[in-house]
Amino acid sequence: MILPPERNLGRRRRRLRRQLLIPPQLRVDAAPTVKIISKEELESKTGKDGGDIWLSVLGEVFDVTSGRDYYAEGSGYSVFAGQDASPSFTTGNFTSEGAQQDLDELTAAQLSGVDGWRKFYADHETYKKVGVLCCDYYDKDGKPTDKLTTVWERLATHAAMKKGGTPKAKSAAEAAEAAEEAEKEL
């Protein structure tokens with residue numbers, strides 16, 4: 001059965017998505033597959049009174065409670081607890097001001113270092129991903145924001161330059177995929 005073009009559009013979009021292998025979180029109609037965490041909820045997870053400790057890197061939130069000796073109040077890395085302090089991972093500025101530094105001020109190499117820490121937490125045996133932080137890097141529906149898309153594009157460009165090539169990514173999905181592929185090859 002052939003459908004009129006306007007009714008066939010949904011099928012074409014689904015087929016195109018499968019062909020391009022767009023990550024689920026980038027699909028326009030995707031339901032969130034992870035928990036959306038508010039800044040207020042994250043701020044409450046600092047380990048105070050023996051509670052959980054969460055941190056965020058590029059908007060991905062991880063439970064690091066098992067590393068209480070490192071992340072609890074008064075420890076060397078307590079600046080990371082209860083917030084997204086992505087810049088501090090490579091600048092070494094473990095102050096509140098350093099945690100709020102604009103990622104646009106980081107070099108591509110520093111940004112790659114931040115992403116390396118994100119991967120460290122994502123692959124860690126005991127630290128588990130809890131969800132994504134709204135609203136700097138992910139919107140209220142769990143979809144990447146323009147800010148995160150820009151980070152992915154910069155990472156893809158940096159990885160391509162390190163390999164001696166030129167970036168070819170045209171979309172956020174391709175940029176994310178290119179950055180992942182380039183990191184695997186390095």
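The model is predicted: local features need pLDDT of at least 70, side-chain atom pairs count only at pLDDT 80 or more, and totals for chains, interfaces and linings use all residues. Residues are numbered from 1 along each chain as its sequence is written, and side-chain values use heavy atoms, with hydrogens and water left out.

Start with the sheet. Helices (H or I, at least four residues) and strands (E, at least two) are DSSP runs, numbered from the N terminus. Four strands form an open sheet in the order 1-4-3-2, with mixed pairing. Its edge strands are strand 1 (35-37) and strand 2, each of which pairs on one side only. From one strand to the next, the twist averages 40°; axes are lines fitted to C-alpha atoms, for helices over the stretch in contact, and angles run from 0 to 180 degrees between N-to-C directions. Two strands pair if DSSP finds at least two bridges between them. Strands of a sheet pair through backbone hydrogen bonds, either parallel or antiparallel.

Now follow strand 3 (60-63). On one side, strand 3 pairs with strand 2 in the antiparallel sense over four bridges. W54 has D63 of strand 3 as its bridge partner. Strand 3 also runs antiparallel to strand 4 (residues 128-133), joined by four bridges. There, V132 in strand 4 stands opposite E60.

Strand 2 is an edge strand, yet both of its faces are covered. W54 and S56 are buried on one side, L55 and V57 on the other. Buried means under 20% relative accessible area, exposed over 50%, and partly exposed in between (1.4 Å probe, protein chains only).

Most residues other than glycine have a negative phi. L58 has a positive phi of about 50° although it is not a glycine. L58 sits in the turn of the hairpin formed by strand 2 and strand 3, which has two residues between the strands. The relative accessible area of L58 is 2%, so L58 is buried. D49 also has a positive phi, about 55°, and is not a glycine either. D49 lies in the loop between helix 2 (39-43) and strand 2 (54-57). Is D49 buried or exposed? D49 is exposed, because its relative accessibility is 78%.

Next, the disulfide. A disulfide is a pair of cysteine sulfur atoms within 2.5 Å. The whole structure holds one. It joins C134 to C135, with an S to S distance of 1.9 Å. The torsion about the S-S bond is about 55°, so this disulfide is right-handed. C134 is buried at 12% relative accessible area, whereas C135 is partly exposed at 45%.

W152 belongs to helix 7 (residues 146-162). At 14% relative accessibility, W152 is buried. L111 is 41 residues from W152 along the chain, with 9.6 Å between their C-alpha atoms.

Finish at the second largest pocket, with about 250 Å³ of space. On a 1 Å grid over the protein atoms alone, a pocket is an open set of points where a 1.4 Å probe fits, with protein on both sides within 12 Å along at least five of seven lines; lining residues have an atom within 4 Å of a point. Sixteen residues line this pocket, and K39, D84, A99, Q100 and D136 are the closest to its centre. Helix 2 gives the largest share of the lining, three residues.

Note on methods:
Points joined across faces, edges and corners; volume = space filled by probe spheres on them.
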